[in-house]
Amino acid sequence: MKIGIPRALLWSIYLPLWKAFFNELGHEVVLSPPTNKKILNDGVTACVDDACLPVKIMHGHVIDLMDRADLIFIPRLISICPREYICPKFIGLPEMIRNSVAGGPKLLVLDFNAHKSIRHGYDGFIAIGRQLGARESAVRRALARAMKAQDEYTARLLGGSNPLMLLEGMALHAGIGGNKGTIGLIGHPYLLYDRFVSMDACRKLAQMGYRLIFPENILPEQIERTCSIYPKKLFWSYGKHLLGSGLAMLEKGMADGIIVLSSFGCGIDSFMVELLQRQNQRDFRIPLTVITLDEHSGNAGFDTRLEAFVDMLEWRDHNGHYFSPHGEGLYIC
Amino acid sequence: MTGIDLYMGIDVGSVSVNIVLIDEKYNLLEKLYLRTQGRPIRILKEGLEEIHQALPLHSRIAGVGTTGSGRELANAIVSADVVKNEITAHGTAVLHYIPDAQTILEIGGQDSKIILLRNGVVSDFAMNTVCAAGTGSFLDRQAERLGVPIQEFGALALRSATPVRIAGRCAVFAESDMIHKQQMGCSCEDIIKGLCDALVRNYLNNVGKGKEILPRIVFQGGVAANVGIVKAFEEALDQPVIVPEHFDVMGAIGAGILAHRKTSRTGDTRFCGFNSLRGDFAARTFECKGCTNLCEIVEILSDGKLRARWGGRCGKWSVAAGDETGSLSVAQGSPSA
């Protein structure tokens, strides 16, 4: 059977797991193309108006896959980490798609709920494997292999790579245009690793001569530790992931500046951005800017912000020796 | 005798085209503030012609800088030495005139920004996000709706005794709130003052959120002409706000200064000269059918010859401005993998 995987939302994080699982069970996987204008337009037209841009784009990818796949794989990610949740829009995703996309797309829905324990989370795979007609032993074997593929992928991300390089074959190595420093990019995977939505920010920054560091490069233990400064547990997985990796970048001095990409109307970003900015203001004071993304297709406003930010980094760098509030050359690398 | 070297700064914004001439000491010799009227190319050409006429004897243009959202367009026409974003240009100009400034409030036609300066460099900035509420074009529209010339708008606000509260978060809400207050019988002055307060409140809560606003505070951009807004800022910040003499063309001045710095390193200007601006300039757009992105590609032609081209996401159409010989090279694009 041909199983379509939309190149949207958390595909860039979990593709190796999903793809290997279906391949191991003998199915073919078709991916939708990288987001383009048609996918955006289709998604925006189909989806309810008050959803965020990434969810609208997901709709567009489903529409793209409709006549190319027998089943379209839609993960219902309820919880990806014990005692934590992710954005409620992921929970209602299959229903949203069924109700909004005309022509009744045939969906293969995975319920992933690791709220009790990670092991429980994978029960959903057994269910869809059975649904696809495989014996339970075969499904378990496929899942084990898929999890191994995913572990290898995660290890490469933690080792400093990123989905753009690993999945899209993009060259983002430092030094395309010299090596001026490191910029930390904070944002949900579906913004950072979608070249259309992010207006190709990663390539632009690399071309300006910056090395990039992503939340996916930060060790989970480090994220847990940096987030432990807060009196309450952060129970939104992605909020914690982004905030924690941003804080880790600040604490360890991994980046000369941080750019936060946020999609308009994101509830999780609204607190994550605020907390990160406050912490930076209080203890670190490195250049940090927030760029809000929405349906604009004009690059001018985006490029202006990016350029101004890089100018600011370079300008501060030249004056770093008498600027650092820490008394040491924080901005000189 | 070689004559005096002058530097030209051009700021093509959403509402106005500003051109300045400065000398090596950054004294302002000439300034133009022209409304774009939706025809930036024509207005820019007329402005440049005017500058040409006003050029002092025995002087030459030794450097040109462009800034503003239309900086690429301006560059395509004049061939600039520096093409810089507005933040850097504004920061540069203020640091020259008011070296101890620590905060720049800038409100233009379609965007507003805050720039923090510390120890002579830009240390932080923010721009409005997705909403243009509280920028110049919104004020323009409301002035028109109230039948008050925009030049008198601010002065009227100062005459208000009891300002009314207007919702400032969104231009649409603000407008309906204003209409409602008019229907209640509030005076025009009070409504205008309420609007100024709302705009400032929105600016400080949105663009200025979390920013440390330290003196001296400089307020510039076209909206700084509005004394009502200046007053509202001073009340909200409880501090004096400086409006520089050339508040309306600071971006252009910054571009001119940057052009001087650049050409004093490179030695020569790329400026195409006023004579080659006489030709007929036209912009042409087409849709690239290369992929489903259907990018809108813009071409600038002078007398039918391609001068510059931009607009594609992948960069395959990009042609840099400034080569008059026609041997335009196609920039290295990197189409998606």
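This is a predicted model: local features need pLDDT of at least 70, side-chain atom pairs count only at pLDDT 80 or more; totals for chains, interfaces and linings use all residues.
Residues are numbered from 1 along each chain as its sequence is written, chains are lettered from A and ligands numbered from 1 in the order in which they are written, and side-chain values use heavy atoms, with hydrogens and water left out.

**Figure 1. Overall form of chain A.** Chain A contains 15 helices and eight strands; helices (H or I, at least four residues) and strands (E, at least two) are DSSP runs, numbered from the N terminus. Its C-alpha atoms fill a box of roughly 70 × 40 × 35 Å along the principal axes. A compact globule of 333 residues would have a radius of gyration near 20 Å, and the value of 20 Å for chain A therefore agrees. This radius is taken over C-alpha atoms, and the globule rule is 2.2 Å times the number of residues to the power 0.38. Of the 333 residues in chain A, 57% are buried; buried means under 20% relative accessible area, exposed over 50%, and partly exposed in between (1.4 Å probe, protein chains only). Among contacts (heavy atoms within 4.5 Å) between residues of chain A at least 6 apart in sequence, 73% join residues at least 24 apart.

**Figure 2. Surface and charges of chain A.** Chain A exposes about 13,800 Å², of which carbon and sulfur atoms supply 52%. Accessible areas come from the Shrake-Rupley method with a 1.4 Å probe, and for residues only the protein chains shown count as cover. The chain carries 36 positive and 34 negative side chains, and the centres of these two sets lie 5 Å apart. Lys and Arg count as positive and Asp and Glu as negative, while His and the chain ends are not counted. The place of a charge is NZ of Lys, CZ of Arg, CG of Asp or CD of Glu.

**Figure 3. Aromatic pairs in the two chains.** A search of the whole structure finds 15 aromatic pairs over all chains. The rings of A:Phe235 and A:Trp236 form a tilted pair, because their centres are 5.6 Å apart and their planes meet at 40°. Rings of Phe, Tyr and Trp (its six-membered ring) pair if their centres lie within 6.5 Å; planes under 30 degrees apart count as stacked, over 60 as edge-to-face and the rest as tilted. A:Phe235 is partly exposed, at 44% relative accessibility, and A:Trp236 is partly exposed, at 26%. In chain B, B:Phe219 and B:Phe233 form an edge-to-face pair, with 5.0 Å between the centres and 65° between the planes. B:Phe219 belongs to strand β9 (residues 217–220) of chain B and B:Phe233 to helix α8 (residues 227–237) of chain B, so this pair ties together parts that are 14 residues apart in sequence. Both B:Phe219 and B:Phe233 are buried.

**Figure 4. An aromatic cluster in chain A.** One aromatic cluster is formed by A:Tyr14, A:Trp18, A:Phe21, A:Phe22, A:Phe73, A:Phe112, A:Tyr122 and A:Phe125.

**Figure 5. Surroundings of B:Gln142.** B:Gln142 is found in helix α4 (residues 136–146) of chain B. With a relative accessibility of 0%, B:Gln142 counts as buried. Leaving aside neighbours within four places in sequence, B:Gln142 is in contact with B:Phe153, B:Glu175, B:Met178 and B:Leu195. B:Ala174 is 32 residues away from B:Gln142 along the chain, and their C-alpha atoms are separated by 9.6 Å.

**Figure 6. Surroundings of B:Lys193.** Helix α7 (residues 188–206) of chain B holds B:Lys193. This lysine is buried, with a relative accessible area of 8%. Not counting residues up to four places away in sequence, B:Lys193 touches B:Ala157, B:Ser160, B:Pro163, B:Lys231, B:Ala232 and B:Glu235.

**Figure 7. Helix α2 of chain B.** Helix α2 (residues 71–78) of chain B is mostly covered, with seven of its eight residues buried. These buried residues are B:Arg71, B:Leu73, B:Ala74, B:Asn75, B:Ala76, B:Ile77 and B:Val78. B:Ser79 follows α2(B) and has a positive phi, near 60°.
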